[in-house]
Amino acid sequence: MSGRFAPSPTGTLHLGNLRTALLAWLAARSVGIDFIVRMEDLDRVQAAPEHEASQLADLAALGVEWSGEVVRQSERFDLYHDALATLRDRDLVYECFCSRREVRAEIENSPSAPHLPPGSYPGTCRTLSARRRQEFLDAGRQPAIRLRAAEAMAADGTTLIEFTDLVGGDFAGGVDDVVLQRNDGVPAYNLAVVIDDALQGVTQVVRGDDLLSSTPRQLLLQRLLGLPTPSYAHVPLVMGDDGERLSKRHGSVTLRE
């Protein structure tokens, strides 16, 4: 059993990140379980070893200690691909050839469903014909892989995913056709995180409440893949004086500063 902190090594941790890390560490210690650190370095452009080293040094400076080696998602692609193959065998995924610009336009032009996370993909490619698929391939487009959410929810026997958050209380939400693998072949966050949490024995997740609406996606994937579900505590974010999420534009927001 363990808690965890799983930053993306794409820059220096700001005070909001470090507060979440400290809360996660204290929460794990308060119930006598291990605490681990995982690097979610799926961003091939911005993730860098120097950012990882800086983040680990800041955690150590605060007295945050962790057990075992630091796991990196970039070294675990085979595990994620195996899970994706399991979902593909059950016909619970489909190819999506939409570009990011096209996805944004489709979301803007589609009515929003109140039970789905903000910015949910409307499923444009889920009924793509074989001819249209071949046209995309001939044009050099590579597909992302998305979850067939409606079929997955039906397989789970539910229309909403419900859970009790240790901070926010009862929560219920739907699941959209979330990306499971990007069009460059890199596994997506929502798939990778459930595999890692299960294999690393994570039983307690403390993280920012900006991820609350994504939690039903992860719970559904856990159920589809037969993985255990940890407890969740989504803590409020640290805000700047303007009421917006703390970021570099607010000035001195890093530990060194």
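**Close-up views of a predicted model**

**Figure 1. Polar contacts of Q218.** The side chains of N190 and Q218 are joined by a polar contact of 3.0 Å; a polar contact is a pair of N or O atoms within 3.5 Å, where, within protein, one atom must be able to donate a hydrogen and the other to accept it, and residues adjacent in sequence count only if both atoms are side-chain atoms. The model is predicted, so local features need pLDDT of at least 70 and side-chain atom pairs count only at pLDDT 80 or more, whereas totals for chains, interfaces and linings use all residues. Residues are numbered from 1 along each chain as its sequence is written, and side-chain values use heavy atoms, with hydrogens and water left out. N190 belongs to helix 7 (residues 189-199), and Q218 belongs to helix 8 (residues 215-224). Helices (H or I, at least four residues) and strands (E, at least two) are DSSP runs, numbered from the N terminus. N190 counts as buried because its relative accessibility is 8%, and Q218 counts as buried at 1%. Here, buried means under 20% relative accessible area, exposed means over 50%, and partly exposed lies in between (1.4 Å probe, protein chains only). Q218 also makes a side-chain polar contact of 3.1 Å with the side chain of R207.

**Figure 2. Strand 9 and its parallel partners.** Strand 9 (residues 202-208) is mostly covered, six of its seven residues being buried. Strand 1 (residues 2-5) pairs with strand 9 in the parallel sense over three bridges; two strands pair if DSSP finds at least two bridges between them. In this pairing, R4 stands opposite V205 of strand 9. Strand 10 (residues 231-235) also pairs with strand 9 in the parallel sense, over five bridges. The bridge partner of G208 in strand 10 is V235.

**Figure 3. An open antiparallel sheet.** Strands of a sheet pair through backbone hydrogen bonds, either parallel or antiparallel. In this view, three strands form an open sheet in the order 4-5-8, with antiparallel pairing. Strand 4 (93-96) and strand 8 (179-181) stand at the edges with a single partner strand each, so one side of each has no neighbour in the sheet. From one strand to the next, the twist averages 45°; axes are lines fitted to C-alpha atoms, for helices over the stretch in contact, and angles run from 0 to 180 degrees between N-to-C directions. Strand 4 and strand 5 (residues 144-147) run antiparallel and are joined by four bridges. E95 has I145 in strand 5 as its bridge partner.

Figure 4. D91 lies in the loop between helix 3 (77-89) and strand 4. Although D91 is not a glycine, it has a positive phi of about 60°. D91 counts as exposed because its relative accessible area is 51%.

Figure 5. Side chains of opposite charge can pair when their charged atoms come close. The structure holds 17 salt bridges, each defined as a side-chain nitrogen of Lys or Arg within 4 Å of a carboxyl oxygen of Asp or Glu. In one of the salt bridges, the side chains of D197 and R38 meet at 3.0 Å, N to O. This pair links distant parts of the chain, with D197 in helix 7 and R38 in strand 2 (residues 34-39), 159 residues apart. Both D197 and R38 are buried.

Figure 6. E102 forms a salt bridge with R141, and the closest N and O atoms are 2.9 Å apart. The pair links distant parts of the chain: E102 is in helix 4 (residues 100-108) and R141 is in the loop between helix 5 (130-138) and strand 5, 39 residues apart. E102 is partly exposed, with a relative accessible area of 29%, and R141 is partly exposed at 27%. D210 forms a salt bridge with R245, with the closest N and O atoms 3.1 Å apart. D210 lies in the loop between strand 9 and helix 8 and R245 in the segment after strand 10, so this pair ties together parts that are 35 residues apart in sequence. D210 is partly exposed at 35% relative accessible area, and R245 is partly exposed at 42% relative accessibility. Salt bridges that share partners join R4, R38, E40, R76, D196 and D197 into one network.
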